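Please look over the sequence and the structure shown below before reading on. The report that follows begins with a single residue and then turns to the whole chain.

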Amino acid sequence: MFVTGHGPFPSYLHRFNLRPHDNCSCGEKGDPMHYATKCRFTLSWHFETPIVSLKLQWLKNILTNNLSRTRLRLLMRFICDENNLIVEDNN
């Protein structure tokens, strides 16, 4: 889900008109990279922000490293379990 961007992310849900906007509760765009590197709600699982030109290599490194994959699984579990916390709802 993280690599493809499919899942409980506001950016994905907004694309299919399941959310009125693509913002996280912190006000920034709620895409996978936001939650993995910047969001204050997922601080415990943050990775270092990759250089744009090295993003693909950064993803490969995360997926081949056991500890990084575990952190990524924990991050995704948190996002799924606490979706009401991280997704801003203006309704």
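Leaving aside its neighbours within four places in sequence, which residues is Ser68 in contact with?

## Basis of the report

This is a predicted model, in which local features need pLDDT of at least 70 and side-chain atom pairs count only at pLDDT 80 or more, while totals for chains, interfaces and linings use all residues. Residues are numbered from 1 along each chain as its sequence is written, and side-chain values use heavy atoms, with hydrogens and water left out.

## Ser68 and its surroundings

Once neighbours within four places in sequence are set aside, Ser68 is in contact with Phe47 and Ile62, where contact means heavy atoms within 4.5 Å. Ser68 belongs to helix 4, which covers residues 66–81, and it is buried, with a relative accessible area of 14%; buried means under 20% relative accessible area, exposed over 50%, and partly exposed in between, with a 1.4 Å probe and protein chains only.

## Overall fold

The protein has five helices and zero strands, and its pattern along the sequence reads α-α-α-α-α; helices (H or I, at least four residues) and strands (E, at least two) are DSSP runs, numbered from the N terminus. The radius of gyration is 13 Å, close to the 12 Å that the globule rule gives for 91 residues, so the protein is as compact as a globular protein of that length. That radius is taken over C-alpha atoms, and the globule rule is 2.2 Å times the number of residues to the power 0.38.

Along its principal axes, the C-alpha trace spans about 40 × 25 × 20 Å. Of the 91 residues, 40% count as buried, and among contacts between residues at least 6 apart in sequence, 42% join residues at least 24 apart.

A search of the whole structure finds one salt bridge, defined as a side-chain nitrogen of Lys or Arg within 4 Å of a carboxyl oxygen of Asp or Glu. Lys38 forms a salt bridge with Glu28, and the closest N and O atoms are 3.7 Å apart. Lys38 lies in the loop between helix 2 (32–37) and helix 3 (55–64), and Glu28 in the loop between helix 1 (10–15) and helix 2, so the pair ties together parts that are 10 residues apart in sequence. Glu28 is partly exposed, with a relative accessible area of 36%.

Most residues other than glycine have a negative phi. Asn17, although not a glycine, has a positive phi of about 55°; this residue is placed in the loop between helix 1 and helix 2 and is exposed, with a relative accessible area of 68%.
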